[in-house]
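Student: Hi! I've got a structure open and would like to talk through a few spots in it. Could you take a look with me?

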Amino acid sequence: MKYISTRGQTQPMDFSDVLLMGLAPDGGLMLPEYYPEVDTAVLAEWRKLSYPELALAIMQRFATDIPYADLKDIIERTYTTEVFGDKEIVPVRKLEDNLYILGLSNGPTLAFKDVAMQFLGNAFEYVLKQKGARITIIGATSGDTGSAAEYALRGKDNIEVFMLSPHEKMSEFQRAQMYSLTDDNIHNIAIKGMFDDCQDIVKALQQDAEFKAAYSLGTVNSINWGRILAQIVYYFKAYFAVTASNDEQVSFCVPSGNFGNICAGHIAREMGLPIGRLIVATNENDVLNDFFNKGTYQPRPTEKTYVTSSPSMDISKASNFERFVYLLLDKDTARVHELFEGVKSGQGFDLSEVMETVNSHYGFAAGKSTHSDRLQTIKSLYEQHGELVDPHTADGIKVAKDLQLDGEVIICAETALPVKFAETIVEAIGPIDIKRPAHTEGLEDLEQHVTVLDNDAELVAEQIRQHVQPNLS
């Protein structure tokens, strides 16, 4: 399997090289030359597998340059009951008839990002050892990616991590989870701005070819193909959990800001998983909702991005969206390049002429949820089902219920455990003792370590120079 760029100006590459790379040299996103298709016989075999076995069956089709035994070892060390607290890894629970929640938050940082990031940490370490190389990870987080990456990469050999987050825009728990780490290879930087500003800095440094080469820059944001690959697995696992045969269809509703998680579902559908619809749930930052309903994509400037009670979705430029648009435009790399260079400078685009394809062929739908919606959803779920969900998951459930068709089975992808957003839970329900894992007790009381910087890529570059020796060659 070779990997190519959505913008067509990068030579085909192996999985291991793409894993370490982040953005393509031409500014695009890397993806496989094709998505391997699976038939009903393969699905029948996969239905019987444990989570690690299923992950291996899927990933070996994409990571063909890693020997089978080595990939098996990476996966088996990643997906353990000890790390995820459940032998199912991603257990599915029934909320009501035809509505399920996919439990993705059992990892060390209590968010869905752990499922992919734990794999990425072990895969990075393996590939770097094979190559005798090192990497400087630079990432941006709106809340959960940062902690998931840091917990996966802390103390790993030949890896330095610089994680950018929007200053004072995350929940108290999220800040404590990241900033309390004391590992020498972890560096937290809070940017005076929004998540999109952090993401723009990451992209700017990634696109500085000289700086990228000197400091071996890579990324763990969802633009990294390894993240997407690991997330594909749980769509298959969830489908098998709620169906009895491969003749059945299910839909997924996914809270989405950066389009990474639902992009993995889109790829699973392209591979042949019987997914009916892929429902994008947004908060007040509804750029993706506008696209999937009207065909217009208009990212907002950061000063017009709302700060909401589902902060991990406070994003107005969906980085992974380019992977879908590439397929939507029949792999027209020149057009993709033109559209997304426009996005980079603040322009939007109109693809309303292909909306029939978006909805019917690719199965997308979308809806939005507001602060009052998520408070009401959290409250009603707790009162009616005794089910406590975080604000992002509440957004997904609200949209799923709004858009659900007669007889449609919908699986809602969980974003995080409620304790990460205790302030909003208390606002919705009133004072309540929110369950938290033992390893997070007293987290908010720990000393925090973070460098606060103005919104300037050069200031971040200087932080990297202070901590990392440049390559001599």
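Predicted model: local features only at pLDDT ≥ 70, side-chain atom pairs only at ≥ 80, totals over all residues.

Student: Let's start with Arg-7: buried or exposed?

Tutor: Arg-7 counts as buried, because its relative accessibility is 7%. Buried means under 20% relative accessible area, exposed over 50%, and partly exposed in between, with a 1.4 Å probe and protein chains only. Residues are numbered from 1 along each chain as its sequence is written, and side-chain values use heavy atoms, with hydrogens and water left out.

Student: Good to know. Where is the place of Arg-7, and what does Arg-7 touch?

Tutor: Arg-7 sits in the loop between strand S1 (3–5) and helix H1 (15–19). Helices (H or I, at least four residues) and strands (E, at least two) are DSSP runs, numbered from the N terminus. Not counting residues up to four places away in sequence, Arg-7 touches Asp-26, Gly-27, Gly-28, Glu-322, Thr-333, His-337, Phe-340 and Glu-341. Contact here means heavy atoms within 4.5 Å.

Student: Then H14 and H15 next. How do the axes of H14 and H15 cross?

Tutor: The axes of H14 (residues 321–328) and H15 (residues 333–344) come within 9 Å and cross at roughly 140 degrees. Axes are lines fitted to C-alpha atoms, for helices over the stretch in contact, and angles run from 0 to 180 degrees between N-to-C directions. H14 and H15 are therefore oblique to each other. For the cut-offs, angles under 35 degrees count as roughly parallel, over 145 as roughly antiparallel, 65 to 115 as roughly perpendicular and the rest as oblique.

Student: Which residues meet in H14 and H15?

Tutor: From H14, Phe-321, Glu-322, Val-325 and Tyr-326 meet Thr-333, Val-336, Leu-339 and Phe-340 of H15. By class, the residues of this contact are six nonpolar, one polar and one charged. Ala, Val, Leu, Ile, Met, Phe, Trp, Tyr, Cys and Pro count as nonpolar, Asp, Glu, Lys and Arg as charged, and the others, Gly among them, as polar.

Student: What about H4 and H6: how do their axes cross?

Tutor: The axes of H4 (residues 68–78) and H6 (residues 113–131) come within 9 Å, crossing at roughly 140 degrees. That makes H4 oblique to H6. In H4, Asp-70, Leu-71, Ile-74, Ile-75, Arg-77 and Thr-78 meet Gln-118, Phe-119, Asn-122, Ala-123 and Tyr-126 in H6. The contact of H4 with H6 has six nonpolar, three polar and two charged residues.

Student: Switching topic: why is H9 largely enclosed?

Tutor: Nine of the 12 residues of H9 are buried, so H9 is largely enclosed by the rest of the structure. The buried residues include Phe-195, Cys-198, Ile-201 and Leu-205. Among the elements covering the buried residues of H9 are strand S6 (159–166), helix H10 (209–215) and helix H20 (457–467).

Student: S6 has Ser-165 in it. What is Ser-165 in contact with?

Tutor: Leaving aside neighbours within four places in sequence, the contacts of Ser-165 include Thr-141, Met-170, Ile-189 and Cys-198. Ser-165 is buried, with a relative accessible area of 0%.

Student: Last one: where is Thr-370 found?

Tutor: Thr-370 is in the loop between strand S13 (364–368) and helix H17 (371–385). Thr-370 is partly exposed, at a relative accessible area of 23%. Not counting residues up to four places away in sequence, Thr-370 touches Glu-284 and Asp-395.
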